[in-house]
Amino acid sequence: MRILGIDPGLRITGFGLITIEAGKLAYIASGCIKSGEGELPARLRRILDGLNEIIELYRPDEVAIEQVFVNVNPHSTLLLGQARGAAISAVVLHDLPVKELTALQVKQAVVGNGHADKIQVQEMVKRLLALSAVPSTDAADALACAICHAHGSARKEDRAYRVRRGRMIFPKGVMP
């Protein structure tokens with residue numbers, strides 16, 4: 001199964017693709033879509049077009065996207081919600097199933113601590129996917145969404161490992 005994770009943002013939308021086969025996660029690609037400056041509709045269009053390209057290129061089976069948190073500034077929250085809407089629109093135009101995840105769920109699944117900071121998320125994503133370098137914060141958040149969804153969607157007996165308190169736990173008879 002190929003999973004696309006999305007970390008929506010108005011300036012930068014992170015994306016990350018992984019596969020899960022026989023309970024093992026593998027990295028495919030990740031990066032950022034930068035909407036730049038300018039009028040809001042043009043920026044939202046860049047997010048929509050960028051994700052359309054990614055979906056057409058990589059053909060994911062499922063998508064996981066981070067939910068919007070309520071910010072102190074209501075205007076910023078509304079703008080973020082519009083960027084998230086553009087991202088979801090790109091996904092539903094391709095008839096893909098979408099799983100919405102909170103930041104707390106994602107951090108808990110990847111780091112083992114729902115209140116982990118961005119550096120911890122980046123480092124665990126690097127370790128879980130055996131990356132040679134730490135991904136950018138937006139790409140790492142998107143990959144973390146995909147990893148969280150993979151953990152939730154994999155059948156228990158197919159899982160090669162799970163994460164508890166930031167450590168990988170392997171079942172008996174399965175070696176890393």
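**Basis.** I number residues from 1 along each chain as its sequence is written, and I leave out hydrogens and water, since side-chain values use heavy atoms. In this predicted model, local features need pLDDT of at least 70 and side-chain atom pairs count only at pLDDT 80 or more, while totals for chains, interfaces and linings use all residues.

**Sheet.** I took helices (H or I, at least four residues) and strands (E, at least two) as DSSP runs numbered from the N terminus. I found an open sheet of five strands, ordered β3-β2-β1-β4-β5, with mixed pairing; two strands pair if DSSP finds at least two bridges between them. I noted β3 (24-34) and β5 (98-101) as the edge strands, each pairing on one side only.

**β4 and β5.** I looked up the join of β4 (residues 62-66) to β5 and found four bridges, with the strands running parallel. Ala-64 has Lys-99 of β5 as its bridge partner.

Contact means heavy atoms within 4.5 Å; axes are lines fitted to C-alpha atoms, for helices over the stretch in contact, and angles run from 0 to 180 degrees between N-to-C directions.

**α1 against α2.** I found that the axes of α1 and α2 come within 8 Å and cross at roughly 35°. The contact includes Leu-44 and Ile-47 of α1 and Ala-83 and Ala-86 of α2.
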